Amino acid sequence: MSGTLRISICDPNEASRENLKKFLVGMDKTWLEADCSRYEFFREIVGETTPDVAIVSLDTDIERAMGLVADISREHPNCGVVVVSSETDGQLILRAMRSGAREFLNSPVQLEELVSALDRVASSSTGGSQKSKSGVIIPVAGASGGVGTTSVAVNAAVALAQNPERSVVLVDLDLALGDADIFLDVMADYTLLDVAHNISRLDLALLRKSLTKHSSGLFLLPRPVQIEDNATITADDLRKVLGLLKASFSHVIVDLSKSYNNLDMVALEAASTVLLLTQLDLPCLRNVVRLLSSFERHEGLRERVKVVVNRSGLEKNQISLEKAENTIGGEIFSRIPNNYVVISECRNNGVPLIEQAPKAAITGHIVELAERVSGDSTMNLDTDSKDKKSWLKFLSK
Ligand SMILES: Nc1ncnc2c1ncn2[C@@H]1O[C@H](COP(=O)(O)OP(=O)(O)OP(=O)(O)O)[C@@H](O)[C@H]1O
Ligand SMILES: [Mg+2]
């Protein structure tokens, strides 16, 4: 995640302008360059502030606003213009698009829609910069119970959070028996249930306040307290929760359940990369084959899955990596060594690997895995940058 999306807005209506400002100010990766209440001044303001995105409300004077959209689009091709209107007339949308608008938002603007629109504008930015892209979602799935999903999800998330340029949240989607909070030894005030049920009322600042911060810098959204409540979280709720987390955090790690239910599928579909953990035994590998084949039925999902072997070296007669690759018909992306003593100590003490055993091979493997899937090209491990290197110091302590 690099950079911030710089935004200038123009809306003569004070109430809707304030609503938009409130959303933008709450987002971590956006910067409000200017907010303007007069159409006639905005062209000059865009010239001076050269924002990445200009948001123009059409409602006060459609003709004037359309002219402004056309001027800005022509004069500043690198600035993505987003228009906002309470009208949903197809002709109006078409006109706005023909004037150069990249996105059309309905007023009153909903936070999730704003986030998605900004994300699309940032992705299609002609400047080719990585600016402002919203966060990556990395679900950690398992080919069987007890395969090490939570150990890897928690420790990879903590590893990512060591870099102060990142903001990382871990979501425990193992709704019945999830134990991410135990691994981190934290007591949360709110759970996924609270956030899911209040999602339409939350802005990004409130969302962050609902999360529990671990001393490593990682935020946690734990599973609900009562098992009976789980059924009340809908796929749509979760889609919105993940959308908002993505807008607010550079990395969203999700510890999946092993049931591959509709909520797990929501996280998988939203994923940038999926880590599928397996061990080198036949039942696990057979499940990997089944899961990969099932993922093929969801567009683009199979390609995003990285198979990770956990507890490598556990037994002498373990299936070899080569044979495992032949069995699953694909590559093993990464291998995490077996170290029961260290990892169970971590869990029992509620202390992450990088604190408990910074020099252990298992720690290095999980840190490296987290980096490889971080999607963050600026975080090259052999970078010369002092700042970027410093967060890795814990490994050499
Ligand atoms: N690399 C490893 N080496 C040794 N032991 C490990 C390793 N990874 C995990 N374990 C151990 O395996 C057990 C299960 O780990 P964990 O709880 O992380 O798995 P899980 O897939 O999340 O389980 P569940 O299906 O119950 O959610 C724990 O006792 C943990 O300490
Ligand atoms: Mg688990």
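**Helix α1 in its setting**

Reply: Within the protein chain, 74% of the contacts with a separation of 6 or more are made by residues 24 or more positions apart; two residues are in contact if their C-beta atoms, placed from the backbone, lie within 7 Å. The model is predicted, so local features need pLDDT of at least 70 and side-chain atom pairs pLDDT 80 or more, while totals for chains, interfaces and linings use all residues. Residues are numbered from 1 along each chain as its sequence is written, with chains lettered from A and ligands numbered from 1 in the order in which they are written.

The protein chain holds 18 helices and 13 strands (DSSP runs numbered from the N terminus: H or I of at least four residues, E of at least two). Its C-alpha atoms occupy a box of roughly 75 × 50 × 40 Å along the principal axes. Of its 397 residues, 44% are buried (20 or more other C-beta atoms within 10 Å of the residue's own; exposed means 12 or fewer, partly exposed in between).

Helix α1 comprises the 13 residues 14-26 and spans 18 Å from its first C-alpha to its last, close to the expected 18 Å (1.5 Å times one less than its number of residues). Leu-20, Phe-23 and Leu-24 are the buried residues of α1. Viewed down the axis of α1, they fall within an arc of 95 degrees, so they line one face of the helix. The cover over these buried residues includes β1 (5-10), β2 (30-36), β3 (53-57) and α5 (111-123). On the other side of α1, Glu-14, Ala-15 and Glu-18 are exposed.

Terms used
The arc is that of the directions from the helix axis to the C-beta atoms.
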